[in-house]
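I opened the coordinates to look up the sheet, the cores and the aromatic rings. My entries follow in the order I made them.

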Amino acid sequence: LMRRLRNEKFDLGISEAFSSCGFGIFEKIRLHKYLIASNTELMEALTEPFGISYNPAMSQGLSVHCFVLHYSSFSSSVGAEPHSKETMARCPSVFVNTNILLDFPREVNSKVVFVGGITASQSSSLSEDFKRLMDVSSGGVVLVSFGTIALSSRMPPSLKYVFVSVFRRFPEFQITFIWKYELDDEVASDLPNVVKRKWVPQSGLLGKCELVDFLCVH
């Protein structure tokens with residue numbers, strides 16, 4: 001595999017900073033032009049090689065011991081080491097998936113490129129079903145969604161009970177909860193102000209003024 005990648009003669013490599021074995025692959029295939037991408041705000045391990053202060057810290061006291069086994073397996077399989085501080089310091093730019101106006105106030109330099117929101121699109125139109133749900137709720141709508149990885153239907157029963165208990169506190173037809181829930185079961189089936197859907201048009205709902213809150217996981 002390494003020989004095949006080397007023969008491709010790539011012009012540029014881009015690797016995620018958090019799982020940084022990609023830089024070891026770049027070194028192995030002799031790819032010397034590369035960029036760093038970060039799917040979160042600036043982490044301490046990312047700022048130090050660029051000479052940027054990491055105070056305040058996003059994850060105070062984060063230990064690197066959890067990566068030792070992962071990196072050891074990578075080194076033995078590929079025959080190259082993951083990135084070092086020197087490797088990252090040689091990188092000309094790092095793309096950070098956050099907005100500079102919403103990030104911690106900190107010093108940055110010209111290597112840091114904020115690209116948060118670059119994939120954002122215009123809110124889509126809603127189907128008649130969701131339009132009706134937005135219209136009939138006089139107190140507004142709350143969207144509860146944990147994405148496509150953390151499925152609400154797989155929550156422990158005790159945690160589902162907590163959500164249902166919260167939903168039950170709001171009067172009928174005052175606040176409507178649209179809950180992205182992936183199964184047809186009896187959870188919250190007795191609550192008329194809870195609408196469970198296996199899929200929700202998230203961007204379309206977020207663009208509506210009737211939506212008063214959005215409970216999600218990042």
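Entry 1, terms and overview. I took helices (H or I, at least four residues) and strands (E, at least two) as DSSP runs, numbered from the N terminus. The model is predicted. I counted eight helices and eight strands in the protein chain. I looked up burial for the 218 residues of the protein chain, and 37% count as buried. I then took the contacts with a separation of 6 or more, and 57% of them come from residues 24 or more positions apart.

I located Ser 153 in the loop between strand E5 (141–144) and H7. Is Ser 153 buried or exposed? I read a relative accessible area of 10% for Ser 153, so the residue is buried, the cut-off being under 20%. Leaving out residues up to four places away in sequence, I found that Ser 153 touches Lys 160, Tyr 181, Glu 182 and Leu 183.

I traced an open sheet of four strands in the order E1-E2-E3-E4, with parallel pairing. Which strands stand at the edges? I noted strand E1 (13–16) and strand E4 (112–114); each has a single partner strand, so one side of each is left without a neighbour in the sheet. I checked the pairing of strand E3 (residues 94–96) with E4, which is parallel and runs over three bridges. I found Phe 95 opposite Val 113 in E4.

I looked at helix H2 (residues 21–28), which lies across E1 and strand E2 (34–38) and runs at about 150° to E1. I placed Ser 15 in strand E1. I read a relative accessible area of 7% for Ser 15, so I list the residue as buried. Not counting residues up to four places away in sequence, I found that Ser 15 touches Gly 22, Phe 23, Phe 26, Leu 35, Ile 36 and Ala 37.

I placed Leu 5 in helix H1 (residues 2–8). I read 24% relative accessibility for Leu 5, which therefore counts as partly exposed. Setting aside neighbours within four places in sequence, I found Leu 5 in contact with Phe 10, Ile 25 and Ile 29. I also took the C-alpha separation of Leu 5 and Lys 28, which is 9.4 Å for residues 23 apart along the chain.

I listed 16 residues in the largest nonpolar core; Ile 36, Val 94 and Val 112 touch the most other members. I then asked which elements give two or more residues to this core, and they are H2, E2 and E3. I found a second, separate core of 15 residues that includes Met 155, Phe 163, Tyr 181 and Ala 188.

I searched the whole structure and got 10 aromatic pairs. I took Phe 163 and Phe 167 and read 6.3 Å between the ring centres and 55° between the planes, so the pair is tilted. I placed both Phe 163 and Phe 167 in helix H7 (residues 157–168), four residues apart, about one turn of the helix. I read 14% relative accessibility for Phe 163, so this residue counts as buried. I read 2% for Phe 167, which also counts as buried. I next took the pair of Phe 163 and Trp 179, which is stacked at 6.0 Å centre to centre with 20° between the planes. I noted that this pair links distant parts of the chain, with Phe 163 in helix H7 and Trp 179 in strand E6 (residues 176–180), 16 residues apart. I read 0% relative accessibility for Trp 179, so I list Trp 179 as buried.

Which residues form one aromatic cluster? I listed Phe 146, Phe 163, Phe 167, Phe 170, Phe 177, Trp 179 and Tyr 181. I also checked for a charge over Tyr 181 and found Lys 196 over the face of the ring, at 4.5 Å from the ring centre.

Technical notes: Residues numbered from 1 in each chain as written. Predicted model: local features only at pLDDT ≥ 70, side-chain atom pairs only at ≥ 80, totals over all residues. Heavy atoms only, no water. Pairing = 2+ DSSP bridges. Contact = heavy atoms within 4.5 Å. Axes fitted to C-alpha atoms, helices over the stretch in contact; angles between N-to-C directions. Buried < 20%, exposed > 50% of the residue type's maximum accessible area, 1.4 Å probe, protein only. Core = buried A, V, L, I, M, F, W, Y, C linked by side-chain atoms within 4.5 Å. Phe/Tyr/Trp six-rings, centres within 6.5 Å; stacked < 30°, edge-to-face > 60°. Lys NZ or Arg CZ within 6 Å of the ring centre and 35° of its normal.
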